[in-house]
Amino acid sequence: MSFDLHITRAGSHLWTAENPIPREQWEAALAQWPRADKVLSHHFWRDGQVWVYPEDEECIGEIAAFAAEQLGARLLGGNDEEYLPDGTAVFADPAERPQLPAQPS
């Protein structure tokens with residue numbers, strides 16, 4: 001199964017302009033993640049969010065934890081389902097999602 005996921009600070013991957021992740025911040029966080037090559041088969045930054053393609057379903061929780069801890073962001077699927085660090089998905093109205101914790105500087 002292939003996953004097209006988004007690391008974003010917005011409630012929906014369609015709203016990233018509201019609170020973008022700077023490319024430099026993504027690149028710096030990625031450089032500090034020793035398992036990135038083992039967890040991500042492909043990734044790219046565009047317009048304030050990061051598209052990620054996990055190696056397999058088992059990696060989703062690790063990616064969600066990385067997004068939260070290193071970028072103050074969430075991991076969303078194409079239907080705006082939110083993936084949590086334990087690997088489970090939560091389907092909720094993006095407008096009702098809680099605010100994210102303070103962003104790393």
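## Strands and the hairpin

Two strands are taken to pair if DSSP finds at least two bridges between them. In this predicted model, β2 (residues 40-46) and β3 (49-54) pair in the antiparallel sense over six bridges, with Y53 of β3 as the bridge partner of H42. These two strands form a hairpin that has two residues between them, and D47 in the turn carries a positive phi of about 50°.

Strand β3 also pairs with β1 (residues 5-8), again in the antiparallel sense, over three bridges, and here V52 is the bridge partner of L5. Five of the six residues of β3 are buried, which leaves the strand mostly covered.

## Salt bridges

The count of salt bridges comes to three. One of them joins E62 and R35, whose closest N and O atoms are 2.8 Å apart; because E62 lies in helix α3 and R35 in the loop between α1 (23-31) and α2 (36-39), the pair ties together parts that are 27 residues apart in sequence. E62 is partly exposed at 27% relative accessibility, and R35 is partly exposed at 37%.

In the hairpin turn, D47 forms a salt bridge with R46 at 3.4 Å between the closest N and O atoms; D47 is exposed, with a relative accessible area of 51%, whereas R46 is partly exposed at 46%. The side chains of R74 and E82 meet in a salt bridge at 3.3 Å, N to O, and both of these residues are buried.

## A negative patch

On the surface, E55, D56, E57 and E58 gather in a patch of negative charge. E55 is found in the loop between β3 and α3 (60-71), and its relative accessible area of 43% makes it partly exposed.

Notes: Residues are numbered from 1 along each chain as its sequence is written. This is a predicted model: local features need pLDDT of at least 70, side-chain atom pairs count only at pLDDT 80 or more; totals for chains, interfaces and linings use all residues. Side-chain values use heavy atoms; hydrogens and water are left out. Patches are made of residues with over 30% relative accessible area and no salt bridge: like charges are joined within 9 Å, nonpolar side chains (Val, Leu, Ile, Met, Phe, Trp, Tyr) within 5 Å. Accessible areas come from the Shrake-Rupley method with a 1.4 Å probe; for residues, only the protein chains shown count as cover. A salt bridge is a side-chain nitrogen of Lys or Arg within 4 Å of a carboxyl oxygen of Asp or Glu. Lys and Arg count as positive and Asp and Glu as negative; His and the chain ends are not counted. The place of a charge is taken as NZ of Lys, CZ of Arg, CG of Asp or CD of Glu. Helices (H or I, at least four residues) and strands (E, at least two) are DSSP runs, numbered from the N terminus. Buried means under 20% relative accessible area, exposed over 50%, partly exposed in between (1.4 Å probe, protein chains only).
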